[in-house]
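Trainee: Hi! Could you walk me through the salt bridges in this one?
Mentor: Happy to, let's bring it up.
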Amino acid sequence: MVSLSLQGEGRASAAGKTVTVQCHEATVDITVSADLYGIGTPVRAEELRLGPLSAGGSCGAAAAGSGGSFLIRANLSDCGTALSFVGEMLIYTNQLFYTPAPSPGGIIRMNGAAIPIECRYARRYNVSSNALKPTWVPFTSTKSAEDVLDFTLTLMNDDWSSKRSSNVFYLGDVLNIEASVTQANHQPLRLFVDSCVATLVPDQTSTPSYFFIENYGCLTDARVTGSSSQFMPRSVDTKLQMKLDAFRFHRDPRSSIYITCRLKVAPVSQVDMKNKACSYTGGSVSPRWKSADGSDQVCGCCDSSCGSGFKSRASLRWKRGDLSSTTWLDWKSDATVGPLVVLDGMQDPFYFNDHFKPRSSPSPALSAEVVMLAGVVAAVRLVCMAVLGTALYRRQSKSMA
């Protein structure tokens, strides 16, 4: 049995080992602590699910004993679980989704989470007809030995020096998103982003949705909406940074947005129509596609088609050895960041006051107050002058008498 630490937004260090995975020959048991985030606030069984909703089946959680925990038991082939092969290993991967439900008052006080779930089995061959019994290999002990690639998607601060501390944005803000990969002892690799989609829930197949990277690395947001979204010039092969103008879905009151991207690596020398990072620049004056790697010629297909559809995750595998050989197949994985809370100015009066204060003239309410104050001062002055005049007149009359 292996314990996986929750890597939630802003809660990773406090979550502790609240999710445990036990892999069997044909099934997997996932035990989730009711105190998922380790902060004393319990979650509910109906808020937990293995795999996306589109997977169907009985993939939800049920109470497990009286220890304040929940259990999800599923066949390895159910709930949208993907199978891949890495060397002599069979790897089953999925995600445990925590989607907080709103309270009766319609509010949500917890962030959702997508927790990677993985089972590994050694492939063993013999000459008998006996069935092969897979053995569980702990993820932590095989990561370095098998050189598993770790893909991540992170929100960064304005100077890209560290992770952004807040996930709240306003329309007009810019999202700095950094994709990265840890490549262990592999030969030099370069990271690419095949596609990205924004949704209102963690399920990337849900609607509404907005694809802003398509066609094997073409960032189309600037072309479609006229935004300034773009890939940043690449400085490190294992990272790819993009700036994305904040947005909301039209006529939908929900503010939370999840961004899911398909990340992959390829040999550093392999930059072509299917391994590229292209941004649309120049607007309507001098529009063109520009590569983050300086190879603008590979972006020419972004206005048409850069190849056939993506391979399924189950068909992907990693061939160790000479990366330049034809037997090498690129390694891909999905990564999600969210929820991002995108508000418009009208939803936050403090933001509105701070960002849209008039600079040249006072507001109508302020002008009225100034006029009233000036009137009072003038009236007081007139009264004082009248009293002073009367006193002087009486004093002069007495002296003449």
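Trainee: Which residue does Asp293 form a salt bridge with?
Mentor: Its partner is Arg234, and the closest N and O atoms are 2.4 Å apart. Keep in mind that this is a predicted model.
Trainee: And where in the chain do Asp293 and Arg234 sit?
Mentor: They link distant parts of the chain, 59 residues apart. Asp293 is in the loop between β20 (288–291) and β21 (317–318), and Arg234 is in the loop between β16 (230–231) and β17 (239–245).
Trainee: Why does Arg234 count as buried?
Mentor: Because its relative accessibility is 16%, and buried means under 20%.
Trainee: Okay, new pair. What does Lys332 pair with?
Mentor: Lys332 forms a salt bridge with Asp194, with 3.2 Å between the closest N and O atoms. Lys332 lies in strand β22 (residues 331–343) and Asp194 in strand β13 (residues 189–199), 138 residues apart.
Trainee: Is Asp194 buried or exposed?
Mentor: Buried, at 0% relative accessibility. Lys332 counts as buried too, at 7%.
Trainee: What about Asp29? Which residue is at the other end of its salt bridge?
Mentor: That's Arg73, the closest N and O atoms being 2.8 Å apart. This pair joins strand β3 (residues 27–33), which holds Asp29, to strand β6 (residues 69–75), which holds Arg73.
Trainee: Buried or exposed, for Arg73?
Mentor: Arg73 is exposed, with a relative accessible area of 55%, whereas Asp29 counts as buried at 10%.
Trainee: Last one: how many salt bridges are there in the whole structure?
Mentor: The search finds 13. There is also a network of salt bridges linking Arg44, Glu46 and Glu47.

Conventions: Residues numbered from 1 in each chain as written. Predicted model: local features only at pLDDT ≥ 70, side-chain atom pairs only at ≥ 80, totals over all residues. Heavy atoms only, no water. Salt bridge = Lys/Arg side-chain N within 4 Å of Asp/Glu carboxyl O. Helix = DSSP H or I, 4+ residues; strand = E, 2+ residues; numbered from the N terminus. Buried < 20%, exposed > 50% of the residue type's maximum accessible area, 1.4 Å probe, protein only.
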